[in-house]
Each structure stands twice: as C-alpha cells, then as structure tokens.
Amino acid sequence: MRSYAALREKWENWLSDFDEYLKKQLHLERQQQKKATDEQKQAIENGTYPAAFSMPLSLQFELTGRCNLKCRHCYNRSGDLPPDAMTVERWKEISKEIVKHGGIFECIISGGEPLLLGDGLFDIMDILHDDGTSFMLISNGFSMTNDAIKKLKKYRYRWIQISIDGSTEKIHDELRQVAGSWEKAVNAALMVADAGIPLAIANTMKPETIEDLPEMVRLAYSCGASLLITGEVFPSGRGAINEELLLNNEQRGRFWRLIDEQRNLFAKRMQIQRSMSNRAQLEGVLDLPVSGGIIRPNGDIRLDCIAPFVMGNLAKDSFYEQWQKSRNCWQDQRVKDYIESVDLYSGKSALHQNHVEGDIVL
Ligand code: SF4
C-alpha cells in the first residue's frame, strides 16, 4: 500500500537529485571557464597574448531599438526604448572609423530587429565586409524576404540566427505577442538554410514549455539548422518584469537533463547548445582585457549584454577615442561587485536589474 511518507521521501529524493545535477553541471561550467581564463592570464604574463587590444576583436551592433514583435521575455525591452539616436549614417561613419583603425574580426548584428533598417542594413554591413569582417546576424525572421536573402547571401557568417520559441504556433506566438510570427520565423529559417547560409535557431523556454524541447529539436533539424541554442528566459528587461516566465531549480534541472538527452540523440547531426549560466559567463572574462562590446541604439558602448556597464557614448564622440579609455573595465571594482552579486542558478543580480534599471557609466 502507498503511504504519504513513502511518497514524500521519493519526491524529496527526486528534488535533491535535480539539485545535485544542477550543482554538478554548474561546477563543470565554471571550472571550464576558469581554466580558459587562467590560460589567457598566463599567456598575458608570458607575453604571448596581448594585455590590451588597440581595437576590439568583435563588436555587437544593436542597430535599432525598434521591433516588429513584442516578446514578453525581451531581455533589452526592444520596442519600449526611446527613438534611436544612432542613424544609418552614424552607423556607417562608425563602421568606416573602425575599418580605418584596423577593423574587427566579427560583427554581431542585432536589435531590436535589424531587418527593419531595409537597405541601410546592407550599406552598414558592406563597409565591414569589404574589410574582411565576418557576421552573426540575429533576427526574428518576421520581415525576411527573398530579396533580403539574396542580398544577405554575399557576406561571410558564423551563422544567421532565427529565434523560434516552440514547435507550435501557439507556444511561439503567445510569447512573441504577434499572430503569425511562428510561421514567418520558420519560413525565414528555411530560406536561410536553402540559401546555403549557416543557420542557428535560438529557442527560449518558459516553465510550461520545457517538455516541448524534443519536438523543438526536431523542428530545428527539419529546418536545416546546424545549431540549436536553447535556454531559459533571462531575468533582464521584460524577462525580469514578467517573473512568471522564469524557471525554478526543479524546472531548470528537468530542462538541462532533457537537453543532455537530446544532445546525445542528435550527436553528429546537429549541435545542441544550452545557454551558459550568466555567472559562469561573467566570471570567464573577469580581470581580462576588454576585447569587445555592444554599441546600442542610443550610442552607448556597453561592456556586455548581461553586465549593465557603459564605457562611453558614440552619438557624437569617436569610437577609437572611447575604446582607448575602456581597456580595463572588467577590472573595475563595481563590475567585480556586480558579478559577485549574480545568483549562480537564476542569473539574477542582487545589486542591479539588467535593462530594468538604468545602466552604470564607468
Ligand atoms: S526578443 Fe527579439 S524579437 Fe522579441 S521584442 Fe526583443 S528584439 Fe524583438
């Protein structure tokens, strides 16, 4: 006969099992990051790796704060932002300046929705492309057209990333708040893959959709993706405001286990990546020279998407001058305190709400 005490014991074992599993995974993730950071520090000491970069290795261009979707989990609150201070002309000037000073290896193009810039997007990309830069383009796919794909085909990519938040229209459109957005995202993914451009699909899970992962993996594979990046809602921007979208540890444990299962099933066919924990990511760059940053639609140069620190502003000033002042920002005590305040599991900081409170100028 089943007793309440026996059921309770079974339940508690199950919970603590997830707990152990999460702890182990996080420990491994942090260890790997620490090893990579220590190796880099050693190389700097030996003089085989630069102690500062005269130009960034990579930059993210948040080309606009406008978006044609209204996602409930948008980490940077696109659509709610003031009008863009950075015009296409200003982005082109900054791109030319970057090229003039030696260029960058990679540019991550994001927003908002970058396709909303129309031909302005290609004008900006052309300047960096002609200098040898590779791209990662992040889009919701809503405005992808055959004409845009033809134009996008000419650039070098790590990948074009299309966001799809579930295997069904119902799951995706509810989170993204625009009817028909799933269908358009799936079509955009197919267009990217058909054009021979490397396709990554980014997928965000909320508590009720975790069990959709196996179907989501199959959808990504059928679309021709070589990579599926899946993760939970990040406690930032509208993701932090809509707290019901965040996972608890039990849900997180279940989600991570499902990812492992699917990764084994799809090994050698499609890569499945779990978004890394915020804390591990930030610890991995702590004390290293700044090698990249994000230029925002208001012209701010931000240290990182999950670290709310601003290194300068480009609405009027030159990028090169601002960059020269920013080389040691990861060593600033305020940044260290922030990283220390980030919860290992949820990624929430006890000191500052990312993209909810205003950024901190270093
Ligand atoms: S998450 Fe992406 S698609 Fe959604 S509102 Fe934000 S920028 Fe737009």
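Which residue follows α5, and is its phi positive or negative? α5 is followed by glutamine 177, and the phi of this residue is positive, near 65°. Helices here are DSSP runs of H or I with at least four residues, strands are runs of E with at least two, and both are numbered from the N terminus.

Before I continue, two remarks on the basis of this talk. The model is predicted: local features need pLDDT of at least 70, side-chain atom pairs count only at pLDDT 80 or more, and totals for chains, interfaces and linings use all residues. Residues are numbered from 1 along each chain as its sequence is written.

Let me stay with helix α5, residues 169-176. Its buried residues are Ile171, His172, Leu175 and Arg176. They lie on the same side of α5, because they cover an arc of only 110° around the axis. That arc is taken from the directions from the helix axis to the C-beta atoms. A residue is called buried if 20 or more other C-beta atoms lie within 10 Å of its own, exposed if 12 or fewer, and partly exposed in between, with C-beta atoms placed from the backbone. The buried residues of α5 pack against α6, residues 181-194; contact here requires C-beta atoms, placed from the backbone, within 7 Å.

I turn to the sheet. It is open, with mixed pairing, and its 11 strands run in the order β7-β6-β5-β4-β3-β2-β1-β8-β9-β10-β11. Two strands pair if DSSP finds at least two bridges between them. At the edges are β7 (271-274) and β11 (360-361), each of which pairs on one side only. Strand β8 (residues 292-295) and strand β9 (residues 300-302) are antiparallel and share two bridges. Isoleucine 294 has arginine 302 in β9 as its bridge partner.

Next, the ligand. Among the residues surrounding it are Cys67, Cys71, Cys74, Gly111, Gly112 and Asn140, where a residue counts if its C-beta atom, placed from the backbone, lies within 6 Å. Glycine 111 and glycine 112 are joined by a cis peptide bond with omega about 15°. Glycine 112 sits in the loop between β2 (106-110) and α3 (119-129).

Arginine 77, with phi of about 60°, is in the loop between β1 (58-62) and α2 (88-100). Arginine 77 is partly exposed, as 18 other C-beta atoms lie within 10 Å. Lysine 268, with phi of about 70°, is in the loop between α9 (249-265) and β7. Lysine 268 counts as exposed, because it has 5 C-beta neighbours inside 10 Å.

Technical notes
Two residues are in contact if their C-beta atoms, placed from the backbone, lie within 7 Å.
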